[in-house]
Amino acid sequence: MATSSQSAAGARGFARVISGHDFEVGLGGTTAIDRDTQPQRCISLLTPNEFMVRLILGLFAPPLLLLEISVLRGQPLSAWVLVNTVVFPVLLALSIVLHEAGHAIAARLLGLEVPRIELGQGRRLFQWRWGRTRLALNAFPSAGFTYLAADGVGGVRGRLWLTIAAGPLVTAAIWGAALHGAPPSSVGEAIFPTVAFTRGLAVTEVLAFVNGWLLVFNLVPLPTLKWLPLGKNDGARLLSVPFAPQRELDMMAISAAVAEAEELRCSGDLPGALRVLETALARSPGSWVVRNSLAIVRLQQGELAAARDLFLELLDEEPPVPALRWLIRNNLAWADFRLRREDLRGEADTHSTAAHSRFPRAPFALSTRGAVLVWLGRAAEAVPLLERAYAMNSEPVNRALNACCLVLAATSRGQHEAARLWLARARENHPASELLPEAEAAVETLARVAGGTPMRTQE
């Protein structure tokens with residue numbers, strides 16, 4: 001949930017290279033405005049099933065656009081339209097894989113480390129290790145993320161810039177090769193290959209279409225993404241890296257260790273995660289990013305007051321990247337929720353509102369705000385936020401925390417069947433979740449009050 005891997009991912013100090021095609025979820029603008037004094041925005045929130053339907057529709061939106069343009073151009077339709085529509089997401093996924101491979105190969109050749117590559121969004125399907133890199137495959141092939149780190153910071157600015165540039169260069173090469181393999185009859189057909197799309201199998205033409213537009217959206221310097229802290233596309237990073245403060249670049253020196261600790265934490269090896277982080281802190285005394293990670297591990301260990309104290313210390317300090325201030329406010333609100341002290345309600349409400357306003361689509365902000373709303377007795381408002389966070393999260397440990405909070409929301413409203421459903425999902429995702437005992441107790445209590453048969457805790 002909040003300060004689990006969602007917040008961790010944002011605060012880890014990774015130089016994150018992002019490419020994406022699902023721009024409804026993946027590419028939004030941000031501002032530097034402090035919205036503490038503004039009312040929380042009402043945004044359209046979806047249940048997990050509705051959100052997945054929306055992702056699927058977004059995935060097929062480009063070929064449907066080609067279909068619409070074909071109709072407007074008066075071109076006859078055929079069964080090949082359906083075939084090419086199905087081919088589109090396959091070619092999109094392949095293009096994203098090659099794009100991220102460009103980043104990763106360049107990084108290795110330039111002496112940078114690649115702790116993690118993540119492909120797609122939504123539920124985690126598979127993950128495995130390839131050498132020193134953790135590879136993760138998620139349900140929807142709509143984005144790619146390559147995490148970078150460095151043993152030292154010597155010459156890192158130039159190496160990072162070249163690594164970022166490698167992804168778009170691969171995409172441009174695929175686009176050029178596809179255009180050469182199937183030369184379009186006109187400029188308009190090069191942009192929207194409707195003739196090929198409607199008259200036969202158009203693998204090469206669709207590949208050119210995918211990579212041409214992927215290149216455009218990847219290189220146009222879009223601002224920071226609201227749904228993910230520090231998230232910029234490659235074009236924005238190519239412009240910002242030459243002028244990035246040295247303190248931001250220095251984070252790369254500890255990113256590999258923080259990535260390793262995060263992997264250990266998500267696997268349940270909290271002592272191992274602490275050892276890695278303490279070693280990193282000895283190498284980089286006072287590191288803001290490492291201390292945030294330490295606080296997250298302490299939260300999961302149940303050292304709630306100590307974790308909150310550390311978050312308060314970090315809030316008083318200048319973070320290496322301005323966006324991290326909103327992240328630490330989110331983490332502090334999550335610590336307050338875990339403590340559930342009456343005198344912390346106002347603080348949790350203020351900070352979770354601010355983080356959610358700053359990153360309204362980010363799973364970590366949705367998760368924390370939803371949890372705090374449950375605590376405040378506003379379960380009806382909390383449920384859509386938590387359901388969307390559950391749908392968007394990839395890490396099982398975070399999905400379990402979301403599910404447990406949904407159990408608490410359901411039991412507070414007397415919804416026994418919904419509570420049982422979310423409890424089952426929590427157990428399925430992470431049987432050792434720190435919120436699971438509370439969720440189980442809430443379901444047991446509701447069952448007794450309702451006169452039903454209490455659920456037995458699974459060992």
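Which way does α20 pass α22, in a left-handed or a right-handed crossing? I looked, and α20 passes α22 in a left-handed crossing. For my own use: left-handed is when the near helix is turned anticlockwise from the far one by less than a right angle, right-handed when clockwise.

Ground rules first. I am working on a predicted model, where local features need pLDDT of at least 70, side-chain atom pairs count only at pLDDT 80 or more, and totals for chains, interfaces and linings use all residues. Residues are numbered from 1 along each chain as its sequence is written, and side-chain values use heavy atoms, with hydrogens and water left out.

**Entry: α20 and α22**

I checked the axes of helix α20 (residues 396-412) and helix α22 (residues 436-450): they come within 9 Å and cross at roughly 25°. Helices here are DSSP runs (H or I, at least four residues), strands likewise (E, at least two), numbered from the N terminus. Axes are lines fitted to C-alpha atoms, for helices over the stretch in contact, with angles from 0 to 180 degrees between N-to-C directions. The pair is therefore roughly parallel (under 35 degrees; over 145 is roughly antiparallel, 65 to 115 roughly perpendicular, the rest oblique). From α20, I found C404, V407, L408 and T411 meeting L436, E438, A439, A442, V443 and L446 of α22 (contact means heavy atoms within 4.5 Å). That contact splits into eight nonpolar, one polar and one charged residue. Nonpolar covers Ala, Val, Leu, Ile, Met, Phe, Trp, Tyr, Cys and Pro; charged is Asp, Glu, Lys and Arg; the others, Gly among them, are polar.

**Entry: α14 and α16**

Next I took helix α14 (residues 288-301) with helix α16 (residues 324-339), which pack at about 20° with axes 11 Å apart. This crossing is left-handed. W288, N292, I296 and L299 of α14 meet L324, I328, N331, W334, A335 and R338 of α16. I get seven nonpolar, two polar and one charged for that contact.

**Entry: α5 and α6**

The axes of α5 and helix α6 (residues 156-181) come within 7 Å, crossing at roughly 140°. So α5 and α6 are oblique to each other, and α5 passes α6 in a right-handed crossing. On the α5 side I listed L98, H99, G102, H103, A106 and A107; the α6 side includes G167, P168 and I174. The contact residues divide into eight nonpolar, six polar and no charged.

**Entry: lining around α5**

I also looked at the lining of the second largest pocket, where α5 (80-109), β2 (113-130) and β3 (133-149) each supply at least two residues. The largest share, six residues, comes from α5.
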